[in-house]
Amino acid sequence: MNKIQAPFKGDNNATYEMNTVAGADMEEMAGRKELEAHWVRVCDRLRKEIGDKAFKTWFGEVELGELKAGKLRLYAPTRFVRDWVGRHYGDRVLAYWQSVNAEVKNVEVNLVPPPAPRRPNEIIAMPPVPSSQNSHQPPMPRMGPSIGRGADEISQTPEARYTFNNFVVGKPNEFAYAAARNISEQDMPLPERNPLYIFGGVGLGKTHLMHAIWHVIRERDPKTRVLYLTAESFVNRFIQALRTKNTGQFKELFRNVDVLMVDDVQFICGKEASQDEFFFTFNSLVEQNKQIILSSEKPPSELQDIEERMRSRLGSGLVADIHSSTYELRLSILQTKAENARVPVPVNVLEFLAHKISTNIRELEGALNRVVAHGQLIGREITVEMAQDVLHDLLRQADRKVTVDEIQQRVAAHYNIKLAEMSSPRRARSVARPRQVAMYLAKQLTTLSLPQIGKRFGNRDHTTVMHAVRKIEELKVSDHSIAEDVELLKRQLQG
Amino acid sequence: MANQLILDLALPPPTYAREDFVLADGNREALAWIDRWPDWPAPALSLNGPSGCGKTHLGRIWAVRSHAVVMEGSDLVGKSVADLTDLAAATPAILVEEAQRAPERGLFHLYNLMRERGGFLLLISPEPPARWSIVLPDLASRLRAAPAVSVSPPDDELLGSIILKQLADRQLHAGAGVVQYLVSHMERSAEAARHVVAALDRRALTERREIDRRLAADVLADLAGAS
């Protein structure tokens, strides 16, 4: 049966197994090389016969499998491509194969097996993320007493990437950094530095510093009991304890703690009972000379809905602030992160990000992650234009909905012709070319149908629009200046 | 009435299998992100784009792989922290469709809970989170830092493939000429493709006609008249 087969409609698993060349001996490797060379020749011929576009659509993602007992396997990315290739190109593919390799008796198109999940962080080599952050594992067992329904787990280990080494210091954060370092190095808490209260805007590195202190304490003495939790988690636990009348267990959680860290303490404000409980916990730990470290968005003096006794307690130790980042700090952070990425990121891209993403460090790092990941996933070179594309949602308030009128106006102005020429019957090149550019942009930037576009250009037929689109697509390849014009206009129109 | 009564079953149940996904330039990166899971640089990923561009399909592919719980943003309305904690404890992955409708505090808690547990959120919405009007700065900052990938409306090839897929889902066949005709004459969105194929199906059935260019032209004229 010399026929190409799409053998398993509705039975995908049957042919999922894919032979690999791993472990194959030299002879097999040579055979594989030869097979690949044949595949290249088959592809070349297909491309010639069916045209570039169709080739890319149907064979662009088809992969060469193996040749076994006269049966050659190809792998298609989707069922749809598999069926289509089998139905429409089957005979040709087989004939071409047989012309380059007489061993091939039939060709079978199978579905490519779904990719195995990658190992976390395989692609971006940012500082290592802790196991709890990146593995798809069941939640870790709870630490200490559980407080019934709704009680979340408490992290037992600091986030691996949040160390002092990974904290980039600059003018805006040097004081908070020094304060955190100092506290981490104390064997015993000093009353005048207890609590350490770090405040600053969202995403500037407060949590990072708290975790960094935790790392140092753990390294010095792994037996030191550090309890880190967010203020919300504190409130949530407390409310649950009240509900289940189990406040004893709740208090137990804090009793044996050596260092208590509460992140985003402003979330306790306005919650009276929780605030009282927090005040009580706080005092009893300070009395036992245990270190307390707090973070907040605001200094104690600016917290709202908070009792005075609480306010003065919070501000009674060392208060350190983190200011908004400067351009220099942002650039320096990006440089540090980029060094850890396996892909080189050009300096002008880092400068562009440092300039544009000025809100906070979290977003800055997120932006760099996105750019690097995009480069890796799509295999695109990292440039400023690429970063602009990838981060369009952060850089622009909205992608503008472009209208045909705007396109016509902008194109007419660019080529210095009258707007009326867009719909005039004149066919002189000086007006026909800009008109074609405008039609091309209308197809690219709007969802109007081709007949609708034709209508807006002096009631032209949709085949005229199709011709214009094809023409500009060709010219973009052969004429650099047209390609530049089109890109420039596109960018201007999209704002 | 001469027309045969046709039960309008609207759209047939779409198949969301990975092998039925039609890959194109506009969705290649989105699929790459889905395949890359759980190697995401943040606990959340935003998948955004206009209606009918394939977001749901991508989301379902991920949900199958990650054993995610699937919900809508509005499902989070009225949920207490305890409810969310239970939810987060029950699953390592949550797919939130229409995520822009989620209440801010609820989404913020859920994000934090998932992060603490090493879980993941896939947020599907028409616009990227950076363009939602978020009041809570902590939530805004977290979502802006997470990767957001846009799925673009289809180009001609993808649109053609979508039409073919829609036809195949209804066990209909049409020649390449009909598909070509539709691609060059209809509004170029996946949503429109769905409507056009549904209308073709209906009309072919009621009028007992072949699906050819003439029927396609009639259907497009009809739809243009209706809009």
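Colleague: What should I know about the model before we start?

Modeller: The model is predicted, so local features need pLDDT of at least 70 and side-chain atom pairs count only at pLDDT 80 or more, while totals for chains, interfaces and linings use all residues. Residues are numbered from 1 along each chain as its sequence is written, chains are lettered from A and ligands numbered from 1 in the order in which they are written, and side-chain values use heavy atoms, with hydrogens and water left out.

Colleague: What makes two rings a pair?

Modeller: Rings of Phe, Tyr and Trp (its six-membered ring) pair if their centres lie within 6.5 Å. Planes under 30 degrees apart count as stacked, over 60 as edge-to-face, and the rest as tilted. Over all chains, that rule gives 18 aromatic pairs.

Colleague: Why is the pair Phe55(A) and Phe59(A) called stacked?

Modeller: Their ring centres are 5.7 Å apart and their planes stand at 15 degrees, so the pair is stacked. Both residues lie in helix H2 (residues 52–59) of chain A, four residues apart, about one turn of the helix. Helices here are DSSP runs (H or I, at least four residues), numbered from the N terminus.

Colleague: How do you know that Phe55(A) is buried?

Modeller: Buried means under 20% relative accessible area, exposed over 50%, partly exposed in between (1.4 Å probe, protein chains only). Phe55(A) has 7%, so Phe55(A) is buried. Phe59(A) has 2%, so Phe59(A) is buried too.

Colleague: Why is the pair Tyr197(A) and Phe199(A) called tilted?

Modeller: The planes stand at 55 degrees, with the ring centres 6.4 Å apart, so this pair is tilted. Tyr197(A) is at 0% relative accessibility and therefore counts as buried. Phe199(A), at 16%, counts as buried as well.

Colleague: Which residues do ring pairs link into a cluster?

Modeller: Phe234(A), Phe238(A), Phe250(A), Phe254(A), Phe278(A) and Phe282(A).

Colleague: What makes Glu159(A) and Arg161(A) a salt bridge?

Modeller: A salt bridge is a side-chain nitrogen of Lys or Arg within 4 Å of a carboxyl oxygen of Asp or Glu. For Glu159(A) and Arg161(A) the N to O value is 3.4 Å. Glu159(A) counts as buried at 11% relative accessibility, while Arg161(A) counts as partly exposed at 22%. The count over all chains is 36 salt bridges.

Colleague: Why is Lys171(A) called exposed?

Modeller: Its relative accessibility is 67%, so Lys171(A) counts as exposed. Its salt-bridge partner is Glu174(A), at 3.6 Å from N to O. Glu174(A), at 37%, counts as partly exposed.

Colleague: Which residues form the salt-bridge network in chain B?

Modeller: Arg203(B), Glu207(B), Arg209(B), Asp218(B) and Asp222(B) are linked. Within it, Glu207(B) and Arg209(B) form a salt bridge, with the closest N and O atoms 2.9 Å apart.

Colleague: How many residues does each chain bring to the contact of chain A and chain B?

Modeller: Chain A gives 75 residues and chain B gives 61, with contact meaning heavy atoms within 4.5 Å. The area buried between the chains is about 5700 Å², with 50% from carbon and sulfur atoms. Buried area is the accessible area (1.4 Å probe) that two parts lose on being put together, summed over both.

Colleague: How many salt bridges cross that interface?

Modeller: The rule finds three between chain A and chain B. Arg105(B) pairs with Glu232(A), the closest N and O atoms being 3.5 Å apart. On the side of chain A that touches chain B, helix H13 (residues 361–378) gives the most, with ten residues.

Key: Helices (H or I, at least four residues) and strands (E, at least two) are DSSP runs, numbered from the N terminus.
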